[in-house]
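Please keep the sequence and the model in view while reading.

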Amino acid sequence: MIEKDMVCIVCPVGCRLHVVKDGEQITVSGNTCKRGERYAVGEFTDPQRTVTSSVYVEGGHMPLASVRTEKTISKAKIPAVLEALKTVRPVAPVKVGDVVLPNAAGTGVNVIATREIRRK
Amino acid sequence: MKQVDIAIIGGGPAGLAAALEAKKTGAQSILIIERDRELGGILQQCIHNGFGLQWFGEELSGPEYAHRFIEQLADTGIEVMTDTMALQLNPDKTIIAAGYHTGWEEIHAKAVILAMGCRERTRGAINIPGARPAGVYTAGCAQRLVNMEGYMPGREIVILGSGDIGLIMARRMTWEGAKVKLVSEIMPYSSGLARNIAQCLDDNDIPLKFSHTVTQIHGRERVEGVTVAEVDAKLNPIPGTEEYIPCDTLLLSVGLIPENELTTMAGIQMDPVTSGAAVDQNRQTSVEGIFACGNVLHVHDLVDNVSAEAVIAGHAAAEYVRKTEHPAPRKVALKPENGVRYTVPQALNLAGELPEELDLYFRVRNAYKPAVLEITADGKVIRTVKKPIMTPGEMEKVKVKTADIAQAGEIALRIVEA
Ligand code: SF4
């Protein structure tokens, strides 16, 4: 049996979770909502995170556009996604929601722009 | 000279939400004065996610959160002056502003909403001994450099203070290839959100030391290292606990100061604890027709709360402009007592029409686990709220029934110790 205290990071409330894993059985307490339970179970099976960064833009009114993964990805894939983003260089104009890197590092998740960059 | 119904100083999340709400409430001419080159304020550099869960019901990054509001501005007729700095605010609600494109301007407003936000405390404000080498940045400055301008402040980082920006930057710098060697927090607790300690520090194996501070910065031209020492209960460094940590960069996340030069210039009554104006439930200050919301009023942990507060101020400002008569205020003080550090509002104005319930925001002085809050009206307990935990880092909110306090002469909030 493994017992673990963790903070739910799904929303800013930051509930303190107590997780007990007994064989395949995972019991979560301390969560205010269902998402907390899903998060705790995920932490034991396949921890998920959103990756956010900024990428250089060609010909933009500002040098960088902020980006994020459209959905969460496996925590283990974060370094690969960050590495892939190093060479991503969209051309202005960039709109919020534009895909700047499809299927980032084979995760099946797109990286999208989160701000607008106009042409210079 | 320019004449408007409502002038809003600051085009960050508070100013944007206040402007849109004032418009919705029926205000005709609304002007936002913004000193940066674009709207959105600090959100534009907060590229991490975690914004908007309460406001939009989905998780957004800072720039997206700002974008949603900026988009709504189109076709509203709300006027925006960017690259413009409000230099002076008078109690008669005139504003002197200087714009990069427009020059000197005198603005006459019927109502003013203060939404200037805050700025970071710097090295000077906390007096760390040492020379003045390059490589000492506030966390927010580093955030702007990395996320918006494309510069890396350094490679080997120590962060002093565990405020949210510091925690976020610990992860950000790590993701950009830097080594964050330590986050040192002088208090025995963090002022940042628990989730940020988990997802920024724990996820990246970054050590966090409570009750530790930087006692010296080494290096002449460039930071070469810092000395970190444990502090006692009075926050004084304990001799013999010093440790030298080589690094090229020190980031400071040592608190935010509401930017209230204009507020004090207008003679508005301040709350020494929040360093913001003292306001009533409509976020009206002691000067009639001047309202305040967002981080300039008190430092928020969540932008969603800033938006909610700005809506209150925006609505009230529009109502103020619409009504020709304003009943004399009947103010009842809200007193923060045992364990409660401050409340916003600082007083309730019980004159005129009131909603059925009023929201009170407050922060506690220490961590309480579990926490029991009592609200009293003239010494009589009218509400007790229990929570598993309350910490100074997280703002709390309680509702009171207006009926319970309508006759009160004094209302107090206090933590009852177990
Ligand atoms: S359990 Fe629910 S309410 Fe609590 S932090 Fe997680 S998502 Fe938020």
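The axis of a helix is a line fitted to its C-alpha atoms over the stretch in contact, and the angle between two axes runs from 0 to 180 degrees between their N-to-C directions. The model described here is predicted.

**A pair of helices in chain B**

- Helix α1 (residues 13-25) of chain B and helix α8 (residues 303-322) of chain B have axes that come within 7 Å and cross at roughly 40°.
- Because of this angle, α1(B) is oblique to α8(B).
- The crossing in which α1(B) passes α8(B) is right-handed.
- On the side of α1(B), the residues in contact include Pro13(B), Ala14(B), Ala17(B) and Ala18(B).
- Among their counterparts in α8(B) are Val303(B), Val306(B), Ala310(B) and Gly314(B).
- Sorted by class, the residues in the contact of α1(B) with α8(B) comprise 10 nonpolar, four polar and two charged.

**A parallel sheet in chain B**

- Five strands of chain B, in the order β10-β17-β11-β12-β13, make up an open sheet with parallel pairing.
- At the edges stand β10 (136-138) and β13 (208-210) of chain B; each has a single partner strand, so one side of each lacks a neighbour in the sheet.
- On average, neighbouring strands of this sheet are turned by 20° against each other, direction ignored.
- Within the sheet, strand β11 (residues 156-160) and strand β17 (residues 249-252) of chain B pair in the parallel sense over four bridges.
- Leu160(B) stands opposite Leu252(B), a residue of β17(B).
- Helix α4 (residues 139-149) of chain B lies across β10 and β17 of chain B and runs at about 90° to β10(B).

**A mixed sheet in chain B**

- Another open sheet of chain B has five strands in the order β24-β22-β29-β26-β27, and its pairing is mixed.
- Its edges are β24 (347-349) and β27 (380-387) of chain B, each with a single partner strand, so one side of each is left without a neighbour in the sheet.
- From one strand to the next, the twist averages 15°.
- Strand β26 (residues 371-377) of chain B and β27(B) run antiparallel and are joined by seven bridges.
- Opposite Glu374(B) stands Thr384(B) in β27(B).

**The surroundings of the ligand**

- Residues of chain A surround the ligand, among them Cys8(A), Cys11(A), Cys15(A), Cys33(A) and Arg35(A).
- The shell around the ligand consists of five nonpolar residues, four polar residues and one charged residue.

Conventions. Residues are numbered from 1 along each chain as its sequence is written. Chains are lettered from A and ligands numbered from 1 in the order in which they are written. This is a predicted model: local features need pLDDT of at least 70, side-chain atom pairs count only at pLDDT 80 or more; totals for chains, interfaces and linings use all residues. Side-chain values use heavy atoms; hydrogens and water are left out. Helices (H or I, at least four residues) and strands (E, at least two) are DSSP runs, numbered from the N terminus. Angles under 35 degrees count as roughly parallel, over 145 as roughly antiparallel, 65 to 115 as roughly perpendicular and the rest as oblique. A crossing is left-handed if the near helix is turned anticlockwise from the far one by less than a right angle, and right-handed if clockwise. Contact means heavy atoms within 4.5 Å. Ala, Val, Leu, Ile, Met, Phe, Trp, Tyr, Cys and Pro count as nonpolar, Asp, Glu, Lys and Arg as charged, and the others, Gly among them, as polar. A residue is near a molecule or strand if one of its heavy atoms lies within 4 Å of it. Two strands pair if DSSP finds at least two bridges between them.
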